[in-house]
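Colleague: I would like to learn how to read salt bridges in a model. Please show me the structure, then take me through some examples.

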Amino acid sequence: MPTLYHHSMSTASRFIRLVLNEYGFQVDLVEEQTWEKRRDFLALNPAGTLPVYVDDNMRALCGAMVISEFIDETHGVLKRDRRLFAEDPFQRAEIRRLTEWFLEKMEQDVTRPLVRERVQKLLIPNGLGGGAPDSKVLRTARTNIRHHMKYLSWLAGSRQWLAGERLSYADLSAAAAISVLDYLGEVDWNEFPVAKEWYQRLKSRPSFRSFLTERVRGITPVSHYADLDF
């Protein structure tokens with residue numbers, strides 16, 4: 001069975017898990033603490049980043065964009081109306097643009113610093129970078145949330161799905177990022193009702209179910225995290 005090295009608070013890992021779940025893939029999940037710099041993991045991905053997908057032939061694919069493109073080329077093209085990528089080149093470009101937005105720009109502006117300060121520093125030994133969260137980093141990331149949520153609201157309000165008429169990688173990458181923030185209680189849903197309605201649709205999909213029961217050691221999710229009608 002294929003193996004996915006991931007972390008439950010990694011947006012990119014959650015994105016690939018959603019893709020695999022939507023397509024009905026069965027994989028072994030191995031949670032990786034990247035700060036440990038395990039030799040066996042670095043042999044798979046010298047960059048030391050997540051996610052890493054190892055197929056049945058023990059071939060490693062590293063990075064969310066690489067893995068998602070591989071899955072589309074090998075399986076997505078056979079899914080017809082359930083394909084998570086588009087057939088039209090311009091539409092594919094829009095899906096790639098938005099997927100990159102949520103996996104890279106939003107990750108840089110919001111998700112990574114919040115996870116680093118609120119989650120990883122609690123798990124990492126002090127000598128490896130753990131310790132108390134940096135309040136300045138938290139303030140900056142929380143200020144950036146509003147910018148990204150406004151953009152998400154505009155997309156959700158002007159299109160049936162974020163990149164067009166069908167569910168796509170764009171929606172799954174956004175849902176992965178938002179789900180991490182939602183776990184931490186960082187989104188004021190009263191301020192973004194359009195984005196909330198879109199997220200409820202994603203949250204209600206079977207592919208999302210496994211996230212709702214997961215817990216991060218030492219961090220309790222916000223009370224509505226597992227509620228589909230929050």
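**Charged pairs**

Modeller: Lysine 105 is partly exposed, with 36% relative accessible area (buried is under 20%, exposed over 50%, partly exposed in between; 1.4 Å probe, protein chains only). This is a predicted model, in which local features need pLDDT of at least 70 and side-chain atom pairs 80 or more, while totals for chains, interfaces and linings use all residues. Residues are numbered from 1 along each chain as its sequence is written, and side-chain values use heavy atoms, without hydrogens and water.

Colleague: Which residue meets lysine 105 in a salt bridge?

Modeller: Side chains of opposite charge can pair when their charged atoms come close. Here the partner is aspartate 109, at 3.1 Å, N to O (a Lys or Arg side-chain nitrogen within 4 Å of an Asp or Glu carboxyl oxygen). Aspartate 109 is buried, at 15%.

Colleague: Where do lysine 105 and aspartate 109 lie?

Modeller: Residues three or four places apart in an α-helix point the same way, because a turn has 3.6 residues. Both lie in helix α4, four residues apart, about one turn (helices are DSSP runs of H or I, at least four residues, numbered from the N terminus).

Colleague: How many salt bridges does the structure hold?

Modeller: There are 17. One of them joins glutamate 22 and arginine 205, at 2.8 Å. Glutamate 22 is in helix α1 and arginine 205 in the loop between α7 and α8, 183 residues away. Glutamate 22 is buried at 12%, whereas arginine 205 is partly exposed at 26%.

Colleague: Are lysine 203 and aspartate 182 buried or exposed?

Modeller: Both are buried. Their closest N and O atoms are 3.7 Å apart, and the pair links helix α7 to helix α6.

Conventions: Helices (H or I, at least four residues) and strands (E, at least two) are DSSP runs, numbered from the N terminus.
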